[in-house]
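Please examine the model shown below before reading on.

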Amino acid sequence: MQLTEDDLTTIRQWLQSRLKGGLRCFVCGSTESSVLPSVAMTSMFDIRTGRIHYMDGYPLIGLQCTTCANVIWFSAITMGLWQPPVVVSADTPSSAAPAGTEPPASAQAPASTDAPAGAE
Ligand SMILES: [Zn+2]
C-alpha cells in the first residue's frame, strides 16, 4: 500500500514527538533518512509447528538511512496508522467469559487464517 501525504504527515509527527534530537543511523552515523513509500508486512511463524502464516503479521513503516540504506522499522499500529479489526469467534477466548470459565484447548492457539496441523 502506497502511503498518502496524510499518512506521511502522521508518521513525521509521530517520529518528531518521540525522537528527541533526531535519529542517528546506528550503522553509519548519518542523521539523514527518508520514509519508505509503502507499508511492509511481516509473516507470522509458529515455533511449535514450523508453519508460516502468510496472512498474519505486523504492518511496518520503514525509515531508510539515505547514506548507507540501513532500514529501521516502526509499528504502523503503534504509530496510529491502522487498527486491526477485532475478530470475535466461538474459538477465541473472550474477556466477557464468566470468571472461572476455562477456554477449550483449541481456543488457546493464536488466531490465524491457516488451519492448524492435522485439523483437516
Ligand atoms: Zn546509515
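A residue is called buried if 20 or more other C-beta atoms lie within 10 Å of its own, exposed if 12 or fewer do, and partly exposed in between, with C-beta atoms placed from the backbone. Valine 35 is partly exposed because 16 other C-beta atoms lie within 10 Å. Of the 120 residues of the protein chain, 4% count as buried.

The structure is a predicted model, in which local features need pLDDT of at least 70 and side-chain atom pairs count only at pLDDT 80 or more, whereas totals for chains, interfaces and linings use all residues. Residues are numbered from 1 along each chain as its sequence is written. The confidence of the predictor in each residue is given by pLDDT, on a scale from 0 to 100. For the protein chain the mean pLDDT is 82, and 76% of the residues reach 70 or more.

The protein chain contains one helix and five strands, arranged from the N terminus as α-β-β-β-β-β. Helices (H or I, at least four residues) and strands (E, at least two) are DSSP runs, numbered from the N terminus. None of the 14 residues of α1 is buried, and the helix is hardly covered.

Strands β1, β4 and β5 form an open sheet in the order β1-β4-β5, with antiparallel pairing. The edges are β1 (33-41) and β5 (71-75), each of which pairs on one side only. Neighbouring strands of this sheet are turned by 30° against each other on average, direction ignored; the axes are lines fitted to C-alpha atoms, and angles run from 0 to 180 degrees between N-to-C directions. Two strands are taken to pair if DSSP finds at least two bridges between them.

Six bridges join β1 and β4 in the antiparallel sense. Valine 35 lies in strand β1 and stands opposite leucine 63 in β4. Two residues are in contact if their C-beta atoms, placed from the backbone, lie within 7 Å. Beyond its neighbours within four places in sequence, valine 35 is in contact with Leu8, Ile11, Ile61 and Leu63. Valine 35 and isoleucine 61 are 26 residues apart in sequence, yet 7.4 Å apart in space, C-alpha to C-alpha.

On the other pairing, β4 (residues 59-65) and β5 run antiparallel and are joined by five bridges. Glycine 62 stands opposite tryptophan 73 in β5, and glutamine 64 has valine 71 in β5 as its bridge partner. The hairpin of β4 and β5 has five residues between the strands, and there alanine 69 takes a positive phi near 75°.

Two stretches call for caution. Over residues 96-113 pLDDT stays under 50, and the model has 13 contacts beyond four places in sequence for them. Residues 115-120 also stay under 50 in pLDDT, with four such contacts. Where pLDDT is low, the predicted coordinates should not be read in detail.
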